[in-house]
Amino acid sequence: MIRFVLNVLWLVFGGGIVLAVGYGIAALICFALVITIPFGVASLRLAVYSLWPFGRTVVPKPGAGVGSGLANILWVVLAGWWLALSHILAGIALCVTIIGIPFGIANFKLVPAAFWPLGRDVVDVP
């Protein structure tokens, strides 16, 4: 029940909707350019994860190979480090207040996914 309450509060006050819309727009742009479709899939994964982060985590995908590693290097150069830095700064800003600490932790959970998204899955935590 607490995860549900935190996720609803995240959607309203933590920026979950804004993050999901931003990642969704990035996914649409990546889908429009045919060669960047894998990045669009990763952006959609980040959009869904940023909508409902509490009670979920990112794990390595068992079938990911060298291609996803090389694509991740390209992702880091083009967008990953900016996204990770923005989540770190937002997490620090939210952790300044006591009420914002859970939302800051949620932003810190999004850092690895934003930095290295290909070859990972979002799964529910038991």
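A pocket, on this tour, is an open set of grid points where a 1.4 Å probe fits, with protein on both sides within 12 Å along at least five of seven lines. Keep in mind that you're looking at a predicted model.

Start with the largest pocket, which holds about 300 Å³ of space. To land in the middle, select A26, C30, S43, W75 and A79: of the 18 lining residues, these are the closest to the pocket's centre.

Now colour the helices α2 (16-32), α3 (37-51) and α4 (66-95), as each supplies at least two residues of that lining. Which of them gives the most to the lining? That's α4, with eight residues. Colour the lining by residue type and you'll get 13 nonpolar, five polar and no charged residues.

Next stop, the largest nonpolar core. Nonpolar side chains tend to be buried together in soluble globular proteins. Pick out W10 and F39, which touch the most other members of this 18-residue core. Helices α2, α3, α4 and α5 (101-115) each give two or more residues to the core.

Stay on F39 and show its contacts: leaving aside residues up to four places away in sequence, F39 touches C30, A71, L74, W75 and L118.

Is C30 buried or exposed? C30 counts as buried, because its relative accessibility is 14% and the cut-off is under 20%. C95, at 27%, counts as partly exposed.

Notes: Residues are numbered from 1 along each chain as its sequence is written. This is a predicted model: local features need pLDDT of at least 70, side-chain atom pairs count only at pLDDT 80 or more; totals for chains, interfaces and linings use all residues. Side-chain values use heavy atoms; hydrogens and water are left out. Buried means under 20% relative accessible area, exposed over 50%, partly exposed in between (1.4 Å probe, protein chains only). On a 1 Å grid over the protein atoms alone, a cavity is a set of points where a 1.4 Å probe fits but cannot get out, and a pocket is an open set with protein on both sides within 12 Å along at least five of seven lines; lining residues have an atom within 4 Å of a point. Grid points are joined across faces, edges and corners, and a volume is the space filled by probe spheres set on the points. Helices (H or I, at least four residues) and strands (E, at least two) are DSSP runs, numbered from the N terminus. Ala, Val, Leu, Ile, Met, Phe, Trp, Tyr, Cys and Pro count as nonpolar, Asp, Glu, Lys and Arg as charged, and the others, Gly among them, as polar. A nonpolar core is a set of buried Ala, Val, Leu, Ile, Met, Phe, Trp, Tyr and Cys residues joined through side-chain atoms within 4.5 Å. Contact means heavy atoms within 4.5 Å.
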